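Hi there,

Here is the structure I promised to pass on.

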Amino acid sequence: MLHRGIKFIYAAVFAFSAVVAFLFVRGLDEDWVLGHSAVVWVLDSDDSTSGSQVARDLASFVADHRISVAREVPDLKNPDGLRHLYLASGDPRSDAASWLNEGYPSFGRDYRTEVHPLADIGQRDPRGFYYVFGPAGSEDALVAQFKSLGLRASAHHPLSVGELTPFYSDGVLVWSFLVVALAAVTMTGASVLLNAKAYGVLRLQGRSFTDILLRDLRQLATFAAIAAGAVAGAVLVLLGLYNGCAWLGLFASVTLGIAGLLILLILATHAAVLALTFRTDVLRALKGELPARAASISAYLVRVPALMLALSIATSAVLAGQDILARQDSREIYAKVGDTAAIRLNGSLGGDDEIKQMQKRVGGWLRQADAAGKLIVAGRRELQDIAPGSGLPQGEMLIVNETFLTEQTLLDPTGYRYAPAPRDGNSPDDHAVRLIVPESLNQHTSTIAAQIPGILSPAHPERIRQSQVQTLPAKSGQRVFGYNPGDQAHTAARNTKEDRSLVDDPILVVVPNGSAYLTDNAYTSFATQGGVVFPDPADIQAGIETNKLQNDVIAIRPIGQNAALQMRDAVNDFRLYLFNLAVAVVVLVITGVGVCIVYSRKNAQAIFVKHISGWRFAASHRSVLAVEGILALLLAGWVPFHIWQQNQDLEEFKAMGMPAPSAAVQISALDLALTSGLVTIEVGAVLLALAAFHRRIVKEGATEG
């Protein structure tokens, strides 16, 4: 009979594969329209063909090639929850063609896709993403067709392994796969080792390695088929209730791919560990003995990576938890700003001239809205980036307008609030730029002030004289709401997933509303980073229509909604990290028990003799305890060593006269708690298992005596 543990592994693998496949396909569905064979990205246009002409030409093209082509356009008011697909089909029997009548079969519930005829797209700029639904090579013909229309385009395959791998290579799902794979290897090896006596009996009956392995696989095949059927039935019911079994074929292929990789790994481990049991002669195998050296080496080959993996996952889980706490701190503020919204600009502009024209159109509109007090500017810069080599500390600079000070409270050292400059009828360029620096950074004020002209007008810093920059102090220890999480601002030093909506002790550069101190390029640059927001989204809609910016401004994004979506993603990642950590801890425990099994079965007689001779527990098991002690020391020293290594790298930046990408890292109480916890689990599992096996050996020895 097989050990029941190995049966559990197969059931767990099937269930895990289905869960990961669900999360993976749901993520793909939110990022891309599923079912396409390629995506053609139109980047540039010579303006010789209008959007309606392109739509008419595509209708003829798809009819000639019997394929379907769809243009994706995000919803202007809800870009994070709704997209529009303008579709033309030359094959009425295709799945894509049916979407015009039946709707797009969304896999998830959080993102909707509305399908319209391509003819309804109107005079929209033809640049953007076009999905191709057809045989391989159709995308090349479409690229050539766009070229004949004066459009520059390129073909991509976002659902291919080559393009998916870089995107997901460091994701939480990959960590989940790795930790479950490690757990499957560990549990399979342990289950085979625990069945060593049964294998010894089979060997005594004349069974060969191949006979025993095939016997195991036949028994596993029956159970695996039952487990797979049960999981498949449960999945069909749940998917039917969730999304009507949409994209079942894609989901099934991903599930089978993940399960197939894990099962191949399990089978290889099963065969390898079974081969290990054959290295012990039959009589010793009947007693449950194992080839100690090979088995111990195999166990530690899994145990050591498991330790490092557990530590890495624990650190990531804590960072994810801290990020959630930071987002919770800012959630109430996002709720207070109500419908305040940012804009998303068209990213399918290929030429420099096109980009400059867009900056002029959008920047001019934003300047007018700023002068009218209709928007808030909250651009960001990393403090260390503004003057490399000057020794500025890590921190942030916010480039804001006067309206920002109307909405956000900033106090001077005496406790008085900074107010926006009064509107006296003069030109905004007649007012000074105010540089407000926290008292804690007073020693750097002159260095920062010297950089202001270049920060506001990089191409022509001479436009701003130092006399036009007024330096003022701020009370230290203040937190200011930045109107965005800071994940889109230029940064080389910080984790882009970290929420920085609340900025500690920021340096503020306050620019008069609508002044020429900020260029059109600066306005559009801040807008792409979420650093230009409108308290009333109706002003955005009116500005788009009045200035005919439909092709430039493609979405209105409420900043509260964006923060809520990021919070949801952060919570989901945190849950996966906790799952990964729990599995990694289980692996640690199992490998520890496995080491004790191998050791106790090999040395059972010696352990009993030492016990009746009066040896203490530690002395009786000093070899295995010594190895575990070395592992514990390595684990305890890993975080300090890693931090020391990081700080040495920072010193190299300073030696070259460059600003360090981050502040020096210090060992925190959290680091010590994490390390101590994992060391306790690692050593504790071994001590408890060793004590249990010790008592069992002594009891059995006394009974036989």
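Below is what turned up, from the overall picture down to single residues.

First, the ground rules. This is a predicted model, in which local features need pLDDT of at least 70 and side-chain atom pairs count only at pLDDT 80 or more, while totals for chains, interfaces and linings use all residues. Residues are numbered from 1 along each chain as its sequence is written, and side-chain values use heavy atoms, with hydrogens and water left out.

**Overall**

The C-alpha trace spans about 105 × 70 × 40 Å along its principal axes. The secondary structure comes to 22 helices and 16 strands; these are DSSP runs numbered from the N terminus, with helices being H or I of at least four residues and strands E of at least two. Of the 705 residues, 48% count as buried. Here buried means under 20% relative accessible area, exposed means over 50%, and partly exposed lies in between (1.4 Å probe, protein chains only).

**The sheet**

Eight strands form an open sheet with mixed pairing, in the order S11-S10-S14-S9-S8-S15-S7-S16. Its edge strands are S11 (469-474) and S16, each of which pairs on one side only. From one strand to the next, the twist averages 25°; axes are lines fitted to C-alpha atoms (for helices over the stretch in contact), and angles run from 0 to 180 degrees between N-to-C directions. Two strands are said to pair if DSSP finds at least two bridges between them.

Strand S16 (residues 553-558) is mostly covered, with five of its six residues buried. Five bridges join S16 to strand S7 (residues 341-345), and the two run antiparallel. Within that pairing, Ala-341 has Pro-558 as its bridge partner in S16. Strands S8 (residues 376-382) and S9 (residues 396-401) are also antiparallel and joined by five bridges, and there Gly-379 is partnered by Ile-399 of S9.

**The cavity**

How many cavities of 30 Å³ or more are there? The count comes to one. A cavity is a set of points on a 1 Å grid over the protein atoms alone where a 1.4 Å probe fits but cannot get out, and lining residues have an atom within 4 Å of a point. Grid points are joined across faces, edges and corners, and the volume is the space filled by probe spheres set on the points.

The largest cavity has a volume of about 60 Å³. Its lining includes Gly-51, Arg-71, Asp-125 and Tyr-130, and helix H2 (residues 51-65) gives the largest share, four residues. The lining divides into seven nonpolar, two polar and three charged residues. In this scheme Ala, Val, Leu, Ile, Met, Phe, Trp, Tyr, Cys and Pro are nonpolar, Asp, Glu, Lys and Arg are charged, and the others, Gly among them, are polar.

**Backbone and cysteines**

Most residues other than glycine have a negative phi. Tyr-483, although not a glycine, has a positive phi of about 70°. Tyr-483 sits in the loop between strands S12 (479-481) and S13 (502-504) and is buried, at 3% relative accessible area. Asp-505 also has a positive phi, of about 45°, and lies in the loop between S13 and strand S14 (507-511). At 23% relative accessibility, Asp-505 is partly exposed.

A search of the whole structure finds zero disulfides, a disulfide being a pair of cysteine sulfur atoms within 2.5 Å. Cys-245 is partly exposed at 25% relative accessible area, whereas Cys-596 is buried at 0%.

Best wishes

Key
On a 1 Å grid over the protein atoms alone, a cavity is a set of points where a 1.4 Å probe fits but cannot get out, and a pocket is an open set with protein on both sides within 12 Å along at least five of seven lines; lining residues have an atom within 4 Å of a point.
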